[in-house]
Amino acid sequence: MNRFKTSKFKNTTPKIPKKDDWVSNARGSSLNSLGNQIKSSCSFVAFNTEQTGGGMVGLCSVDPGPDGKWTVMQIPCHADQVTDLDFSPFDDYLLATCSSDETVKLWRLCELGQEQSASVEVSLKSSEGRLELLLFHPTASGLLAVASARGIQVWDTSRDKALAVLEQHADQLQGLTWKEDGSLLASSCKDKNLRVFDPRAQLTPVQCVQGFQTNKDSRILWVKDDYILATGFNQHRQQEVRLWDSRKLNSSVSSVSLGTSNGTLMPLYDSDSGLLVVSGKGDSVLDCFEVTTSEPFLSQVSHCLSDASTRGIALVPKHVLNVGCCEVLRVMQLTENFIIPISYQVPRKAGQDFHADLYPDTLGHTPAVTAEEWWQGANKQVDRVSLHPDKRPKGKVQPASAMALPRGKIKEEPSTSSSPLSTPSSSAAPSRSPSSTSGLSSGFLPSPSQSSRAIQSMLGPSSKFRHIQGTVLHRATHITNLRGMSLTTPGECDGFCANAQRVAVPLAIAGGQIAVLELSQPGKLPDTALPTIQNSVNVADLCWDPFDFHKLVVAGDDAKIRVWMVPEGGLVETLTEPRCILQGHSEKIYSIKFHPHASGLLVSSSYDMTVRLWDLDTGNEVRKLSGHQDQIFGMAWSPNGKFLATVCKDGKVRLYDPRKSAEPIQASPGPEGHRGGRVVWVCNGQYLLVSGFDCRSERQLYLYSCESLASGAVATAPTDVSPSTLIPFYDSDTSVLILTGKGDTRVYIFEIMSEAPYFTECSSFHSSEPHKGLCFLTKTECDVRDVEIARAIRLGKTTIEPVAFKVPRVRKEFFQDDVFPETAVWWEPALTASAWLLGTDTQHRKISLKPKDMTPVSLAPKEAPVRKYLPSSVYLEEKTDEQKKEELLSAMVAKLGNREDPLPQELFEGVDEDEWDD
């Protein structure tokens, strides 16, 4: 494609339907496999499930029925996990599955609503161990490529033995693809190599080249005749798409880097349009590119943010697309609880002519050769058919009788699994997801009409913070040129700490040095050394006293806690002597936390699996809590200061009353993953929120009721796949939860509710580069005039930047008292440590954030609803030819002016008659 030529697909737009139009009751599998988890024919969508250990396959129709409902069924297929599945390109009702039980099975499907047969048409037994991938041949009937952990076999389904067993790979095989003409096979492998096989010529690769520089998961596709496309990760751990010319395989011709997510990129390619769709497992983003055979090779077409994280994606065959609305692709996105059909449409005037330039003839359903003919060397191509509605073949492809499976394969006995389950998925009664976001778009300002309330009740709760915006403040407020920052602080440490006046950042300098920077003195730091705090040992954790902005407490690797006092105005010289040292732990300390109400009361956790309370005024240990069996990931004080919650690597969440018992008063099973965790109290202390990892190492949020902790989590919300633990901040005034991890570029925001659905996901904040983390300041630092509900300090690679989280509002001249209730003055102590230890409980006083010159919006005069836009009927009204002609004539007349006015030449006076005689 000429780089200056405009592509007809450049404006292709993804359209995500409303939640009513999703396929519900389709619970996608979270079990690990190399397949895409979902495939589609012209009649069915098949997907992996977790039922019976993953041995069942879910089925639904491509389109809803006449009543707007999808019927979702589950059929038992294997005794172990189904690892991959594929539909025959020549038979919509022929489904192939492979499994960890080392078998490949072919199933003849019935119409949905009928009882699916529990017997298998063909069963092929492999001796290669667990099978990972399978692919039907693109031109020959009854031919399959099957991949195990390290090997590839080519099977003719009419035989009991593989046609070819290709040479073993050096490591785990990750991707497999046929060339469009069916002559070659290509694979990607954990040994970083791409291999091209010609199974009919030799069992060893005909070409082999290094693909990616890391051994993380990769996938491979054959595109544009001789071009090979692969997805993987570059040396910076970024997701990457690379393109090779198979005729010159020594180097790639193009590459595109995407995000820093750990999700394996799954590619889908449409050969007719040249469009490529990629999405990472666990991600909620789908990127679309156009692939060409000349510069720029890979051109981004769209960036689609879905409402749920991806577990698998599949392309619907071109024969099913709605050509009337210029639909060029349809992607079925498999999520935890739904299948979301995402339609890619070219913005053109729809419903009139067939746009032949968008729809070239596509591959038909008639195989070009048989498996035997292909093995003997035949290379015929599948005939193409038109997508023009008047030229399409009538009816769906059901060659059950005409194209029966090859000669009498032995049928298996009926499976001992339970009978197929059928559950109708109604679009009229959508189920709710904890992370769903609801919102209405209208041409009018919202009004409390009965119809809008009915729609709102149908869509579920909507958060007033759903459109919250994170904004990095002006560069004049930044501290830049921060060098030598430590990148080795433990996972239990937030990485840095800040208060309203200053920031403390551990440095990668011997002696555990800590830089203390004044927020009132922004700008570029000098290249020379800064005055620091010399902690003498590596920093394990650090935090500011919430009631004294000059007191910094630092936990070290030597099991000691040092208390430092920063002078007024900041550091002017290096500090070497702490104010006091707390000793008691026998091993390295994990983390430290101040009590939210009592001054001078500190809690610490250590590798000795104890939690200890300290009185900083006396320097003594006052309590010692036990009961942990492994590493303590996180601690949190309750809002009233009575209880302490912990989350531990032993898989338990524990609740302590430190003044009454050294043992936990309640315990509950916690996150299944053992990579890290954090805990925070939400909803006025009614619930505990834990951020951790599930059994698949995906980041997950868990909500526990404090009244019945042992009953387990009442709700969960998945986020994404990343190695760093999400660090939570909870704003009790708004019930907004803000989370991010070290090295992330995305900040998640949820509103937490005390009743179902508990989690309401709001807009995320994305930064341009990975950050070390966020640290939130007191509420008085927020600009309430700009409806700023939270102010954070963001630590970047070399910068410290303030970030404001604002709620978009129309009437900003009024104080938004619905988002700014009276706030607790948590930066002032409510009592002393000794008083708390004696049993006293006192809460913080509260203050109003309302400026004196602002009126609360609740007392503002009501405005009459104003029509912002003309009603859609004005634009959609169809006009007759006579009306159009009359409008055109009127416009021409108006342009010419009044036709009764005299012409300019008529106003000339001319000369007298006698003057002509001269």
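This is a predicted model: local features need pLDDT of at least 70, side-chain atom pairs count only at pLDDT 80 or more; totals for chains, interfaces and linings use all residues.
Residues are numbered from 1 along each chain as its sequence is written, and side-chain values use heavy atoms, with hydrogens and water left out.

The largest nonpolar core has 25 residues, and those with the most contacts inside it are Leu-286, Val-328 and Tyr-344. A nonpolar core is here a set of buried Ala, Val, Leu, Ile, Met, Phe, Trp, Tyr and Cys residues joined through side-chain atoms within 4.5 Å, where buried means under 20% relative accessible area, exposed over 50%, and partly exposed in between, with a 1.4 Å probe and protein chains only. Two or more residues of this core come from each of strand 23 (265-270), strand 24 (275-280), strand 25 (285-291), strand 26 (298-305), strand 28 (327-334) and strand 29 (339-345); strands (E, at least two residues) are DSSP runs, numbered from the N terminus. A second, separate core of 23 residues includes Val-747, Leu-774, Val-787 and Ala-792.

With a disulfide defined as a pair of cysteine sulfur atoms within 2.5 Å, the count comes to 0 disulfides. Cys-326 is buried, with a relative accessible area of 0%, and its closest cysteine sulfur, in Cys-325, is 7.0 Å away, too far for a bond. Cys-775 also counts as buried, at 15% relative accessibility, and its sulfur is 6.4 Å from the closest cysteine sulfur, in Cys-497, which is again too far for a bond.

Cys-775 is one of the residues touched by Arg-791, whose contacts also include Leu-473, Phe-776, Asp-783 and Pro-802, not counting residues up to four places away in sequence; contact means heavy atoms within 4.5 Å. Arg-791 lies in strand 64 (residues 788-795) and is buried, with a relative accessible area of 16%. The side chain of Arg-791 reaches the backbone oxygen of Glu-781 at 3.4 Å, and a polar contact of 2.5 Å joins it to the side chain of Glu-788. A polar contact is a pair of N or O atoms within 3.5 Å; within protein, one must be able to donate a hydrogen and the other to accept it, and residues adjacent in sequence count only if both atoms are side-chain atoms.

An open sheet of 4 strands has the order 50-51-52-53 with antiparallel pairing, two strands being paired if DSSP finds at least two bridges between them. Strand 50 (632-637) and strand 53 (666-669) are the edge strands, each pairing on one side only. Within this sheet, 4 bridges join strand 51 (residues 644-648) to strand 52 (residues 652-656), and Val-647 stands opposite Val-653 in strand 52.

Some backbone features lie in loops. The peptide bond from Glu-295 to Pro-296 is cis, with omega near 5°, and Pro-296 is found in the loop between strand 25 and strand 26. Another cis peptide bond joins Ala-756 and Pro-757, with omega about 10°, in the loop between strand 60 (746-752) and strand 61 (759-761) where Pro-757 lies. Arg-237 has a positive phi, near 65°, without being a glycine, and this residue is exposed, with a relative accessible area of 56%. Ser-735, not a glycine either, has a positive phi of about 60°, whereas its relative accessible area of 13% makes Ser-735 buried.
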